[in-house]
Amino acid sequence: MVKVNELSMTRINFLLVLVAIVLFGSCAESPLDMDQENLILPDLQIMNNKKELPAEFQDVPLIIKDALLGLYETKIGANLVNRAAEALKNSGIKARFVYQLGLKNTFKYIGNGCVEYNFAEMSTGDILQLVFHELIHMAQEPKGRLSYLLETEIEAYLGQYFYCMMSGKEFKALRGNNLNFEEKIKSLAQFFDIYTGKTTNESMFQHAFLIAFTEIGLHPLYGSDKGRKIGPSPYSVRILSSLMIN
């Protein structure tokens with residue numbers, strides 16, 4: 001009886017091993033494939049999306065393309081690339097980024113879809129937020145015309161601030177001996193709802209806008225001697241609002 005039981009147990013164990021082999025053989029690749037998809041496919045999807053920059057940005061230098069692709073890591077960045085491309089297309093022009101040896105650590109929108117730049121000593125985070133800033137100018141200007149209205153700069157800096165907030169980057173704007181201008185932009189941001197693209201308190205938003213005007217006007221880049229001026233109120237951030245609600 002013992003021998004029969006031992007033989008039966010041996011056969012049962014053997015059958016269990018066979019069943020395990022069959023089951024493992026039929027399922028072994030599936031969990032592995034699923035893990036690989038979870039790890040790899042998101043990266044591939046991002047890369048595939050990034051390869052499809054709008055036609056209006058296809059002629060820019062490769063290093064600028066890398067920065068534009070980096071903006072796709074956030075929804076607000078991706079929305080802005082597409083919004084700027086739409087404005088350029090409607091104007092019948094394409095984006096141009098031109099390296100200028102005489103510049104240092106900066107980007108400068110000069111109108112007609114063209115940005116001059118030199119960022120040899122800048123961090124990736126700084127480059128991305130400044131590219132974001134200049135794309136807002138591209139989206140702002142009908143037919144590529146350069147505006148000298150200071151409200152366009154306030155909007156660009158406010159958008160730059162929200163981009164930094166959403167992407168975990170340090171917001172840097174017009175830094176000198178103090179951070180006064182950055183604080184004015186942050187104060188303005190308190191009265192803007194990033195979920196609806198609307199102001200939360202219109203009178204306080206307009207007041208904060210005027211304070212930001214006062215501060216930016218003290219900077220050499222934005223003085224009246226540079227042709228900069230303040231337009232009539234009320235002031236709006238229509239491009240930034242459109243990025244939030246899409």
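This is a predicted model: local features need pLDDT of at least 70, side-chain atom pairs count only at pLDDT 80 or more; totals for chains, interfaces and linings use all residues.
Residues are numbered from 1 along each chain as its sequence is written, and side-chain values use heavy atoms, with hydrogens and water left out. Local features need pLDDT of at least 70 and side-chain atom pairs count only at pLDDT 80 or more, while totals for chains, interfaces and linings use all residues.

**View 1. Glutamine 206 in helix 8.** Look for glutamine 206 in helix 8, residues 202-216 (helices are DSSP runs of H or I with at least four residues, strands are runs of E with at least two, both numbered from the N terminus). Glutamine 206 counts as buried because its relative accessibility is 14% (buried means under 20% relative accessible area, exposed over 50%, partly exposed in between, with a 1.4 Å probe and protein chains only). Its side chain makes a polar contact of 2.7 Å with the side chain of glutamate 202 (a pair of N or O atoms within 3.5 Å; within protein, one must be able to donate a hydrogen and the other to accept it, and residues adjacent in sequence count only if both atoms are side-chain atoms). Setting aside neighbours within four places in sequence, glutamine 206 is in contact with Ser233, Pro234 and Tyr235 (contact means heavy atoms within 4.5 Å).

**View 2. Leucine 88 in helix 4.** Leucine 88 sits in helix 4, residues 75-91. Is leucine 88 buried or exposed? Leucine 88 is buried, with a relative accessible area of 2%. Beyond four places away in sequence, leucine 88 touches residues including Glu56, Phe57, Ile93 and Met138. Leucine 88 and methionine 138 are 50 residues apart in sequence, yet 7.1 Å apart in space, C-alpha to C-alpha.

**View 3. The largest nonpolar core.** This core has 63 residues, and Phe57, Phe107, Leu135, Met138 and Phe162 touch the most other members (a nonpolar core is a set of buried Ala, Val, Leu, Ile, Met, Phe, Trp, Tyr and Cys residues joined through side-chain atoms within 4.5 Å). Helix 6, residues 150-167, brings the largest share of this core, nine residues.

**View 4. The lining of the largest pocket.** Helix 5 gives the most to this lining, with six residues. Strand 2 (106-111), helix 5 (124-140) and helix 6 each supply at least two residues.
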